[in-house]
Amino acid sequence: MKLVIGNKNYSSWSLRPWLLLRHAGIAFEEVALRLFTADFDIEIARYSPAGKVPTLIDGDVTVWDSLSISEYVAERFPEKQLWPADAAARATARSVCAEMHSGFGNLRSQMPMNITAKLAPGIGWNVAVQGDIDRIASIWTDLRARYGAKGPFLFGEFSVADAFYAPVVSRFATYGVRLPDAAQAYADFMLALPAMQEWTAGARAERDFVVADEPYRTQPDRPDAIIVTG
């Protein structure tokens with residue numbers, strides 16, 4: 001299998017299936033494309049009919065969109081149990097993944113992923129963003145209360161849901177977001193996950209950085225350093 005991804009520092013959509021595969025121990029070849037370059041559209045067209053990352057290629061099967069990729073991988077490797085075994089928990093897991101996939105637009109637009117940056121608390125914050133933060137913290141707190149006895153992940157054992165919320169964990173660290181204790185404990189655990197540490201190290205190695213105190217300004221001489229939302 002090949003997984004086509006964008007810059008690790010900025011591509012939150014790419015992080016989801018990458019983390020899912022890596023933590024689950026599923027072998028794949030990483031194909032990394034640099035976003036915002038003159039050749040990106042040409043390069044991604046070789047892999048994705050949608051012209052976007054991430055894209056998974058498994059033999060003659062091509063799957064695009066992070067949620068579709070996650071569903072495909074879960075079906076392809078049922079022994080990895082990437083969705084909770086219990087039907088009710090599985091339905092909840094799919095619901096929170098879909099909510100993450102389609103929602104939280106205020107957080108996405110105002111606090112885009114910039115995994116290597118550490119910004120002063122308050123940057124990107126507004127009342128609407130706080131509403132998204134509160135909802136995410138509520139999801140995490142509720143799931144940890146319900147499933148914490150089974151393990152340290154949202155549903156006890158690792159699932160697609162953890163991969164889907166990993167980019168938000170990164171955002172909260174970047175922007176110094178304060179969380180309730182249970183939600184913060186989960187965020188800290190995820191940041192320390194070996195696969196997450198590996199992704200972060202890869203992001204640092206790219207050296208496609210924005211100016212830390214100007215996260216929303218495009219640098220004319222650094223088109224590769226634009227922050228991507230999503």
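The side chains of Asp58 and Tyr72 make a polar contact, at 2.7 Å. This comes from a predicted model. Asp58 belongs to strand β3, which is part of an open sheet of four strands. The points below start with that sheet, then turn to single residues, the cores and a pair of helices.

**The sheet**

- The strand order is β2-β1-β3-β4, and the pairing is mixed.
- β2 (29-32) and β4 (61-64) are the edge strands. Each has a single partner strand, so one side of each is left without a neighbour in the sheet.
- On average, neighbouring strands are turned by 20° against each other, direction ignored.
- Helix α3 (residues 66-76) packs on this sheet. α3 touches β1, β3 (55-58) and β4, and its direction makes about 135° with that of β4.

**How the strands pair**

- β1 (residues 2-5) and β2 run parallel, joined by four bridges. One of the pairings links Lys2 to its bridge partner Glu29 in β2.
- β1 and β3 are antiparallel, with three bridges between them. Here Val4 has Thr55 of β3 as its bridge partner.
- β3 and β4 are also paired in the antiparallel sense, over four bridges. Leu56 has the bridge partner Val63 in β4, and Ile57 stands opposite Thr62 in β4.
- β3 and β4 form a hairpin with two residues between the strands. In this hairpin, Gly59 takes a positive phi near 65°.

**Strand β3, face by face**

- In a regular strand the side chains alternate between the two faces of the sheet.
- Which residues of β3 lie on each face? Thr55 and Ile57 are on one side, and Leu56 and Asp58 are on the other.
- These four residues are all buried, and both faces of β3 are covered.

**Asp58**

- Is Asp58 buried or exposed? Its relative accessibility is 13%, so Asp58 counts as buried, because the cut-off for buried is under 20%.
- Leaving aside neighbours within four places in sequence, Asp58 is in contact with Met1, Tyr72 and Arg76.
- Tyr72 is also the partner of Asp58 in the side-chain polar contact.

**Leu56**

- Leu56 is another residue of strand β3. Its relative accessible area is 0%, so Leu56 is buried.
- Leu56 touches Met1, Lys2, Leu3, Leu21, Val61, Thr62, Val63, Ile69, Tyr72 and Val73. That list does not count residues up to four places away in sequence.
- Take Ile69 from that list. Leu56 and Ile69 are 13 residues apart in sequence, and their C-alpha atoms are 6.5 Å apart in space.

**Phe36**

- Phe36 lies in the loop between β2 and α2 (40-45).
- Phe36 has 30% relative accessibility, so this residue counts as partly exposed.
- How many residues apart in sequence are Phe36 and Asp58? They are 22 residues apart, and 26 Å apart in space from C-alpha to C-alpha.

**The nonpolar cores**

- The largest nonpolar core has 64 residues. Trp140 and Tyr165 have the most contacts inside this core.
- Which elements give two or more residues to this core? They are β1, α1 (12-24), α3, α4 (87-102), α6 (127-147), α7 (160-174), α8 (181-191) and α9 (194-206).
- α7 gives the largest share, nine residues.
- Not counting residues up to four places away in sequence, Tyr165 touches Val96, Met100, Phe104, Ile136, Ile139, Trp140 and Leu154.
- Another core, of nine residues, lies apart from the largest one. Val4, Leu33, Leu35 and Ile57 are among its members.

**Helices α6 and α8**

- α6 and α8 pack with their axes 8 Å apart, at an angle of about 85°.
- The two helices are therefore roughly perpendicular to each other, because angles of 65 to 115 degrees count as such.
- Which residues meet where these helices pack? From α6 come Ala137, Trp140, Thr141 and Arg144. From α8 come Ala182, Ala183, Tyr186 and Ala187.

Key
Residues are numbered from 1 along each chain as its sequence is written. This is a predicted model: local features need pLDDT of at least 70, side-chain atom pairs count only at pLDDT 80 or more; totals for chains, interfaces and linings use all residues. Side-chain values use heavy atoms; hydrogens and water are left out. Two strands pair if DSSP finds at least two bridges between them. Axes are lines fitted to C-alpha atoms, for helices over the stretch in contact, and angles run from 0 to 180 degrees between N-to-C directions. Contact means heavy atoms within 4.5 Å. Buried means under 20% relative accessible area, exposed over 50%, partly exposed in between (1.4 Å probe, protein chains only). A polar contact is a pair of N or O atoms within 3.5 Å; within protein, one must be able to donate a hydrogen and the other to accept it, and residues adjacent in sequence count only if both atoms are side-chain atoms. A nonpolar core is a set of buried Ala, Val, Leu, Ile, Met, Phe, Trp, Tyr and Cys residues joined through side-chain atoms within 4.5 Å. Angles under 35 degrees count as roughly parallel, over 145 as roughly antiparallel, 65 to 115 as roughly perpendicular and the rest as oblique.
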